[in-house]
Amino acid sequence: MTVIQRSRRLSREERHSLRIGLLFISPWVIGFLAFRLIPFIMSFYYSFTFYPVLETPKWIGLDNFVQLFKDPRFLTSLYNTAYYSFFAVPLATFAGILLAMLLNMKVRGMSIWRTIFYLPSITPVVATSLVWLWMFNPRAGVINFVLSLVGIRGPGWLGSPVWAKPALILMSLWGVGGAVVIYLAALQDVPRELVEAAQLDGANVPRQIWHVTLPMISPVILFNVITGLIGAFQFFTEVHVMTGGSGSPADSTMMMSIYLWQTAFRFFKMGYASAQAWVLFVIIVIFTVIMFRVSGKLVYYGGK
Amino acid sequence: MSTPSAYVVPASEGSLRHQHSLRFRATAALSALLKYGALVLLSGFFILPWVWMLSTSLKNPNELAIWPPIWIPNPIRWDNYISAFKQALFATYVLNTLIVALPSVIGAVLSNTLVAYGFARVRWPGRDAVFAVVLATMILPGFVTFIPLYIIFSRIGWVNTYLPLVAPAWLGNAFYIFLLRQFFMGLPQELSDAARVDGASDLGIFWRIILPLAKPAIAVVALFQFISSWNDYFGPLIYLSDKARYTISLGIANMQSTYGFMNFAWIMAATVMSVLPIVILFFFAQRTFIEGIALTGLKG
């Protein structure tokens with residue numbers, strides 16, 4: 001509507017260019033409406049309904065949300081997702097920057113290192129999950145074998161309610177290579193003069209990193225942390241493959257996404273599942289906004 | 001005592017210089033040792049799963065649960081790679097995945113280049129505001145929309161077909177649009193202007209001038225789309241119910257849940273084969289990958 005109203009005030013040339021522009025972006029417009037906006041609104045509506053998949057949705061107001069926060073399984077999934085994200089995202093950020101800094105120190109055989117670190121991040125997640133499932137096997141797996149070499153008797157990993165989440169976090173670090181490549185590109189863009197100036201001023205290496213390098217790549221860190229958080233909140237495939245979609249043992253790997261999937265496709269409660277989806281969405285929005293707010297002071301956006 | 005001072009000074013200076021370069025070389029060697037030591041140590045973590053995957057895929061069933069683990073199976077059982085075809089529908093899964101991935105790649109290249117051209121090379125009122133919406137959709141989690149989408153697709157009879165997996169690829173993806181737009185904006189404006197003077201339309205400019213120049217960026221989009229179709233698990237999981245239609249990721253996960261640990265050796269062989277195309281693609285297009293990935297983080 002606004003576009004049409006405004007177009008009355010546009011010159012003929014502008015109207016022409018508007019038509020051309022919209023024509024070019026029309027695939028996106030159709031996709032946005034069909035696969036994003038309309039489902040988004042429908043999902044909002046469903047979240048206020050009782051909707052067993054074969055019947056029509058029935059309006060029940062806020063009941064789904066009230067029930068959600070009394071649902072111990074949902075609260076567990078909330079806790080598990082928070083636990084996973086709280087460790088996985090900072091660890092991936094730290095490991096990613098560390099690896100990128102090592103690779104930025106003029107190492108030889110760059111393409112070999114890059115292959116070693118990057119390849120896991122594009123490996124099909126199902127393949128990764130199956131390999132790690134077997135690696136984590138307490139009695140025949142390689143992880144506990146490596147631990148036994150240094151005299152540690154490894155835990156039950158995916159069979160243990162205490163160790164299942166740490167196992168998933170450890171495994172997630174295997175896919176850190178995508179972020180490494182991004183960090184490395186950012187590090188290569190840090191002007192040499194800045195680092196040299198800091199050296200001349202007598203700054204040691206940790207201070208150079210803290211006061212020059214990290215601030216210079218901070219927009220990229222923010223980007224990776226936000227996309228990492230959004231990904232972690234929706235952590236699904238690994239758990240689904242490794243636990244057969246159950247979130248076992250004892251619900252210790254029951255993530256929000258897994259419970260959401262179960263509610264929709266095992267119990268066919270589409271309204272209740274949509275309410276969960278909206279809680280997940282609101283959490284993601286809140287964290288994204290917080291990240292941008294907090295980072296306003298911390299992130300340095302160069303001259304541009 | 002009688003040593004002329006003129007002689008002493010250069011000597012001490014020389015030894016000082018010598019000391020300096022020694023110390024310099026020592027620190028350089030130490031830092032190289034630390035650097036490569038750290039890299040080698042960390043690589044172990046990244047390489048171990050590959051070794052384990054290959055080793056397991058060649059084991060005999062009775063070697064699977066032995067402690068300490070066997071690294072080199074005896075005899076090496078190549079048959080596992082044949083079992084994956086015999087025991088499960090491995091070939092069918094590969095074929096199905098290609099049926100999804102190839103049209104998705106074509107659709108992603110066509111639609112996203114068009115859209116990116118509209119954002120990068122045509123000046124129209126409201127363009128930047130709409131582009132902000134494109135970027136905003138990147139944080140919209142797929143988990144919010146999948147229930148209504150599933151209901152829509154089941155109403156129009158698309159469930160248990162490949163259409164829900166292919167159609168979205170033909171209708172634009174925020175991430176690819178962003179990537180291509182960055183690339184298009186970097187191409188000189190004079191090219192379009194010259195063609196326009198010669199009477200070319202925007203579609204003509206897009207097709208004959210921009211697209212041929214954008215091959216590197218198009219390669220990135222094609223690669224990423226292929227990999228995302230090849231690796232996709234969630235889409236096939238909710239939309240495909242007939243086992244004969246499973247894609248590779250879903251198929252392999254299903255092998256594990258159907259045949260379990262006793263058959264893990266040939267399931268690992270299937271897993272190795274499912275990873276192989278991605279590994280080969282990476283070796284042939286390493287530069288494209290790295291440039292594409294790097295593009296995503298910068299100017300974000």
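In this predicted model, the buried residues of helix 12 of chain B are covered from both chains: the elements involved include helix 6 (125-135) and helix 12 (237-243) of chain A, along with helix 3 (90-120), helix 10 (215-231), helix 11 (234-239) and helix 13 (264-284) of chain B. The buried set in helix 12 of chain B consists of Ile248(B), Ser249(B), Leu250(B), Gly251(B), Ile252(B), Ala253(B), Met255(B) and Gln256(B). As for length, helix 12 of chain B runs over residues 248-259, and its 12 residues at 1.5 Å a residue should span 16 Å; the end C-alpha atoms sit 16 Å apart, so the two figures agree. After helix 12 of chain B comes Gly260(B), with a positive phi near 70°.

The contact between the two chains takes in 77 residues of chain A and 74 residues of chain B. On the chain A side, helix 2 of chain A supplies the largest share, with 19 residues. Sorted by class, that side of chain A comes out as 58 nonpolar, 14 polar and five charged residues.

Turning to chain A as a whole, the chain holds 14 helices and two strands. Its radius of gyration is 24 Å, whereas a compact globule of 304 residues would come in near 19 Å. The C-alpha trace of chain A covers about 65 × 65 × 30 Å along its principal axes. Of the 304 residues in chain A, 41% are buried. If one takes the contacts in chain A between residues at least 6 apart in sequence, 66% of them link residues at least 24 apart.

Both chains are split into domains. Chain A has domain 1 (2-46) and domain 2 (66-298), and the centres of these two, taken over C-alpha atoms, lie 36 Å from each other. For chain B, the assignment gives domain 1 (5-57) and domain 2 (81-297), with 43 Å between the centres, again over C-alpha atoms. Contact between the chain B domains involves four residues of domain 1 and six residues of domain 2. On the domain 1 side of that contact in chain B, two residues are nonpolar, two are polar and none is charged.

Within chain A, one helix pair can be described in some detail. Helix 4 (residues 72-103) of chain A packs against helix 13 (residues 256-265) of chain A at an angle of about 145°, and the axes are 8 Å apart. From helix 4 of chain A, the residues involved are Arg73(A), Phe74(A), Ser77(A), Leu78(A) and Thr81(A), which meet Met256(A), Ile258(A) and Tyr259(A) of helix 13 of chain A. By class, this contact of helix 4 with helix 13 in chain A is made up of five nonpolar residues, two polar and one charged.

A last stop is Phe48(A), found in the loop that links helix 2 (12-46) and strand 1 (49-50) of chain A. Phe48(A) counts as buried because it has 20 C-beta neighbours inside 10 Å, and 20 or more is what the cut-off asks for. Leaving out residues up to four places away in sequence, Phe48(A) touches Trp59(A), Ile60(A), Gly61(A) and Asn64(A). Phe236(A), by comparison, is 188 residues from Phe48(A) in sequence and 25 Å from it in space, C-alpha to C-alpha.

Definitions and conventions:
Residues are numbered from 1 along each chain as its sequence is written. Chains are lettered from A and ligands numbered from 1 in the order in which they are written. This is a predicted model: local features need pLDDT of at least 70, side-chain atom pairs count only at pLDDT 80 or more; totals for chains, interfaces and linings use all residues. Helices (H or I, at least four residues) and strands (E, at least two) are DSSP runs, numbered from the N terminus. The radius of gyration is taken over C-alpha atoms; the globule rule is 2.2 Å times the number of residues to the power 0.38. A residue is buried if 20 or more other C-beta atoms lie within 10 Å of its own, exposed if 12 or fewer, and partly exposed in between; C-beta atoms are placed from the backbone. Two residues are in contact if their C-beta atoms, placed from the backbone, lie within 7 Å. Axes are lines fitted to C-alpha atoms, for helices over the stretch in contact, and angles run from 0 to 180 degrees between N-to-C directions. Ala, Val, Leu, Ile, Met, Phe, Trp, Tyr, Cys and Pro count as nonpolar, Asp, Glu, Lys and Arg as charged, and the others, Gly among them, as polar. Domain bounds come from an automatic or database domain assignment. The expected span of a helix is 1.5 Å times one less than its number of residues.
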